[in-house]
Amino acid sequence: MEHKIVSFFNEIFEKYKTVSDDLNTPTPINFEDAKDIISVFVKDQTNILVKSIITGDFIDISDDFPEKLTGLCEEYKSNCKSYIFSDTNLSKFFEQHTDKIFSGVTEILNQFFTLIHQFNITTNHFIYQRQTFIYTNIKGLFELCAYCNLFLLDYSIIDNVSYYEKLSQLENKKDYWHFKEPFSNLKIFEFKLRFLKYKWLKRQKYNNTKLKQFIKETYSEKYVFNNHIIDLDEKIKIGEPYYQVYKEWIEKIEYHYFDDRTEFDFVERSIIKTTNLDTYDLYLRIKLNKDVELNIDELKNLKKLFVQFRIPKFSKNSKEKNILYYYNNLFSAIVANSNENDEKLIDRMFTEVSDLYKNKRNNNFFLYYKYLDYKVKIYNNKIERKKYDEVNIDSIKQILFICKNHFEWCKNGFNRLYDFDKSNSTLIIEGVSVYHASSFSLPLSISENTHIINKLEGEIIKLENNLYQGKNTSYLGDFQEELKKSEKKSIEIISLFTAVISFIVGTVASYQFIKSITQGIIFFIVFGISISIFLMLIFIATRGTKLFEEIKKSWYIFLTPYIFAGIILYLLFNFYKKNESPESATIVNKRIDSISSKNKKLQEEINLIKKDITSQ
């Protein structure tokens, strides 16, 4: 478009030269005719600029051209003035008419190019919230000004009521300007404006449908614009003659956003293509392999096509944006079909793609939402299995913070997620190839994503509460278990000391009854068995079924000492019976006889004492 702008100034300058020469011939033309000639010519040249805007020639404007434009304008102003300065009337006409046209065109295009440059060179990091339109009071530039504003709205389409209000305001402005100075391309303007309104209303229809699914309630949603009521419960129609022009794009909207699986012609045309794929062919293949029939291998194979994609005049930034869109959808498909075993793979892929976002200064939130949704499910499973140490709640909260910030930006920001090449953004209207910057794409849904992010935030809060509750319960349970173990150990230690003391005391007290080594051994074995049984009962009381399980596993170790003790006791008793000492029996009999004789003597003495007492 740069050469057309240069041609605009140069052609008008050449026309002034021609008219000036005609005014200074021996048979000069009428000055009023000269003014009409220049006015008509300037209008025609201005219309060429309008057509260049309509066809999207501005997309290849160089970065520094807006700065050059002012200098270019001043240069041609000076050239015109220098050439016609001797003609007072023509110079005066130039000052009153063409000079203002030059300045007005420069001012309008400078504002337009500066903003469009931002839309075209950035991936997503750009917020457009212009409160006023580009404005001019020059009648001959009303149409140029209107189209520049229309394209800015095309680029900046968002899911906000204020956007539709701006479209309505521009429509009113167009009516006023057209009344003052009839547009040469009025129908094109009306068609394009009508389609932008249609796309915004289709997004509201989608939002309305999704919201009813979320809240599981029915309600009516209506909008009133310029006394016109729009009911979202009714089918959104673009009407004729607009439908015939936008029919295929409307079908694409139904297919890509409303899951209409009608066998549309554009789907079949794209599928059969194997070479010279354009941006829509790649876009459709993502849809087919992700949403229609999942095929992750085919999705992965698309990476090479996106990286190697080449189309003339398709900017590097648009290509990078589309690659990010591809990674978004690939990540979403993989995450949706992954489980806890894939956690490391998902973490690594998230890091790689998020680094791409940072490098391109892209503020899209979708990647972060999908990752968080996956991690919340995985962490909930881990909490149920009491794997609390594997849950990194701080990391999740930090990513949620980033996700919410990016979404807040997306609410008001220029957020076209995918760019289509010019062939997929152009339709023929009134014989002119009309460029549509946003093609058939609908704006990002704010209400749907607000709901899912709020829901996700609630799930993360619940996850954090479950984590803390689980940890506290676990700590309390461990403390109680340790306390029980400590009590059991105390009982066991006390019982052990009691058994040892009992054994010592019992053996010392029993020494006076033990008269032989055999008797001593028998006593120690029997007493030791009694003490061991006592200890075993204590351990059973403190350790419960665990001890029985241990005994079952190695029962022979527990029974062997008792078997040996029983055998030894049996042998000792037999030995003791067979070899009991006769001297021991004699000594006992002598002691018994001695005690008996003593008892007799004592009885006799008692009897004598009694007699003495009675005789007195």
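**Figure 1. Lining of the largest cavity.** The residues that line the largest cavity comprise five nonpolar, four polar and four charged; here Ala, Val, Leu, Ile, Met, Phe, Trp, Tyr, Cys and Pro count as nonpolar, Asp, Glu, Lys and Arg as charged, and the others, Gly among them, as polar. The model is predicted: local features need pLDDT of at least 70 and side-chain atom pairs pLDDT 80 or more, while totals for chains, interfaces and linings use all residues. Residues are numbered from 1 along each chain as its sequence is written, and side-chain values use heavy atoms, without hydrogens and water. Two cavities of 30 Å³ or more are counted, and the largest has a volume of about 110 Å³. A cavity is a set of points, on a 1 Å grid over the protein atoms alone, where a 1.4 Å probe fits but cannot get out, and lining residues have an atom within 4 Å of a point. Grid points are joined across faces, edges and corners, and a volume is the space filled by probe spheres set on the points. Lining the largest cavity are 13 residues, with Lys43, Gly140, Glu143, Pro182 and Ser184 nearest its centre. Two or more lining residues come from each of α2 (31-54) and α5 (142-155), and α2 provides the largest share, four residues. Helices are DSSP runs (H or I, at least four residues) numbered from the N terminus.

**Figure 2. The largest pocket.** The volume of the largest pocket is about 1400 Å³. Among its 48 lining residues, Tyr206, His256, Tyr257, Phe366 and Glu448 are the closest to its centre. A pocket is an open set of grid points with protein on both sides within 12 Å along at least five of seven lines. Helix α12 gives the most to this lining, eight residues. By class, the lining divides into 23 nonpolar, 14 polar and 11 charged residues.

Figure 3. His256 lies in helix α8 (residues 242-257) and is buried, at 10% relative accessibility. Buried means under 20% relative accessible area (1.4 Å probe, protein chains only). The side chains of His256 and Tyr280 are joined by a polar contact of 2.8 Å, that is, a pair of N or O atoms within 3.5 Å, one able to donate a hydrogen and the other to accept it. Beyond four places in sequence, His256 is in contact (heavy atoms within 4.5 Å) with Tyr280, Tyr283, Leu284, Lys287 and Phe440.

**Figure 4. Cysteine sulfurs.** The whole structure contains zero disulfides, a disulfide being a pair of cysteine sulfur atoms within 2.5 Å. The sulfur of Cys145 is 6.7 Å from the closest cysteine sulfur, in Cys148, too far for a bond. Cys145 is buried, with a relative accessible area of 0%.

Key
Buried < 20%, exposed > 50% of the residue type's maximum accessible area, 1.4 Å probe, protein only.
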